[in-house]
Amino acid sequence: MVKMTSAQAIVECMKRENVKHVFCVPGESYLPLMDAIYEEKDIELISNRHEGGASFMAEGYGKTSNKPAVVMATRGVGAANLSIGIHTAFQDSTPMVVFLGQVHTKFRGREGFQEMELDRFLEQVTKWGVEILDPERTPELVQRAFRIAQTGRPGPVVVSLPEDVLPKVADMKFAAGTLIPKPALSKEQTLEILSYLKKAERPVIIAGGGVKLSDGEEALQSFIEKTNIPVVASFRRHDVLSNDHSMYCGQLGLGTPSSQIETVRQADVILAVGTRLSEVTTQDYSLINPEQTLIHLDIEANVLGKVYPPALGLVADAKTAFDSLNKEVEVWDSSRWSSWTKERKEVFIQSSRMDEIEEAPWSIGYKEVIQAFNELCPKEAIITNDAGNFATWLQNFHTFTGKKSYAAPTSGAMGYGFPAGVGAKIANPERPVVVFAGDGGFMMTLQEMETAARNNIPVIVLLFNNSSYGTIRMHQERVYPDRVIGTELSDVNYTMMAEAMGAIGVTADSAESFRSAFKEALRENERPTIIEMKMNPKQVSIGMIL
């Protein structure tokens, strides 16, 4: 037993979970918790300009570190602003613990200042929620929150903190930090999976975020090199396997070339590992048909059968599952799949070429930017992106080779890219971080430029400015041609705005100027750099010119 305040007990729980950074917008309702963090020199508090930016920053931190992200805000208004990042963490399976200040317990139920039933408000986008009413239960409930956030399918958990509970002193009893269970396949289950695969003529693996969360990238690679089974990545999980590997055959996302999607459509046996088979991954739930044999492995039982009924559905950690499969597959005749795998790899290579893509004439184009970026981007770089059609150029034409080198919102949230990139850089200070953003999404969390500049976080933003909500304009033109409304934006000078906030702002109007600016940005080690490119608004997507 240790006597301390509830706020101090929360910080002690953070220490036991090896939390090094906490993101927040300060609030008077949880000042005792902020003061307790002040006393803890091993935890750094990052104060943000908006709760939405704070939650995205925390999510990017958690996604690229596989550590629990911690974010704080005050009462109902802070919770509402945080919710976009919490929703992203929920859909993207990112471990996150959210601490929210709450009104005094004596004022509850009276519609007090900014009062809201916080756990109920965020119930749909969290794994669990709790309000601490008894100070002595603080360690029990906070440690439970960290455990739930990190185990099974990871995700966000919310802890509500009444302002009168935080400063109260009680006898606190702590347990050890979270030990994440790794459910394994039995030998019988492993052999059953292999028996399905051995009968296949055209097998394929769909590898999802669970592979990354379990640190199972090497185990996946070992398995496919023994079996010669092609791999397709689920939506925005390109980095599950180096894209230049002979068995990497594409990704399932928005704007993915149809020939890559055909790899899964033509398969007779599909091994889906660590993926919830989302709407985007399954191309509006149309990808898998009843004639195909689906083997689905996931760490969360509720994921199995949620979209497609599997022939075999098993609960397992992705890395542990591939380790078990690797032990039983020492002798394996996979030569009959050589032509299948080579064919699908060649299809991927052909569909990843930009040579024949036409662009509307302009001073600078997406194709030449991506070509220059591919040549200059360090292999160890982490790339984040916002929502928008500009991202399809990255997703379709960049070769991801680094482990945990890609962080993007499967929730499709606008405003994500820049703050998530800052969070990724904080989690991985030794790696370059590059953000792909459009002007629509970038403006939504633009204020976090000051956060990055104030904290000397040198992320690089490639800002594709077409003065429009380009993706929505694309859909608008398809459904309601020549009836433009709501999608045209002002021509804002983001270069000047970057400089005003303490960042480096550069305008690139040619491939040569982009190369020069990007090289210089890679050398910068103190301030964020925004490389703004004015793009042709008529080029609304890779295949659509107005």
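So, Cys249: with a relative accessibility of 0%, this residue counts as buried. Buried here means under 20% relative accessible area, exposed means over 50%, and partly exposed is in between, using a 1.4 Å probe and protein chains only. Cys377 is also buried, at 13% relative accessibility.

Quick housekeeping. This is a predicted model, so local features need pLDDT of at least 70 and side-chain atom pairs count only at pLDDT 80 or more, while totals for chains, interfaces and linings use all residues. Residues are numbered from 1 along each chain as its sequence is written, and side-chain values use heavy atoms, with hydrogens and water left out.

Okay, the sheet. Six strands make an open sheet, in the order S3-S2-S4-S5-S7-S6, and the pairing is parallel. For angles in general, axes are lines fitted to C-alpha atoms, for helices over the stretch in contact, and the angles run from 0 to 180 degrees between N-to-C directions.

Let's zoom in on one pair. S2, residues 21-24, and S4, residues 69-74, run parallel and are joined by two bridges. Which residue in S4 is the bridge partner of Phe23? That's Val71.

Now what lies across those strands? Helix H2 (residues 31-39) goes across S2, S3, S4, S5 (96-102) and S7 (156-162), at about 140 degrees to S4. Then there's helix H6, residues 138-150, which lies across S4, S5, S6 and S7 and runs at about 145 degrees to S5.

On to a helix pair. H7 (residues 187-198) packs with H11 (residues 318-328) at an angle of about 75 degrees, their axes 10 Å apart. That makes the two helices roughly perpendicular, since 65 to 115 degrees gets that label, under 35 is roughly parallel, over 145 is roughly antiparallel, and the rest is oblique. From H7 you've got Lys187, Thr190, Leu191, Ile193 and Leu194, meeting Ser324, Leu325 and Glu328 in H11; contact means heavy atoms within 4.5 Å. By class, that's four nonpolar, two polar and two charged residues.

Next, a loop residue: Ile288, between S12 (269-273) and S13 (293-298). Buried or exposed? Buried, at 9% relative accessibility. Setting aside neighbours within four places in sequence, Ile288 touches Ile270, Leu294 and Tyr308. Leu304 is 16 residues from Ile288 along the chain, and their C-alpha atoms are separated by 14 Å.

Asn18 isn't a glycine, but has a positive phi of about 60 degrees. Asn18 sits in the loop between H1 (6-16) and S2 and is partly exposed, with a relative accessible area of 40%. Arg236, not a glycine either, has a positive phi of about 55 degrees. You'll find Arg236 in the loop between S10 (231-233) and S11 (248-251), and this one is buried, with a relative accessible area of 4%.

Definitions and conventions:
Pairing = 2+ DSSP bridges. Helix = DSSP H or I, 4+ residues; strand = E, 2+ residues; numbered from the N terminus. Nonpolar A, V, L, I, M, F, W, Y, C, P; charged D, E, K, R; others polar.
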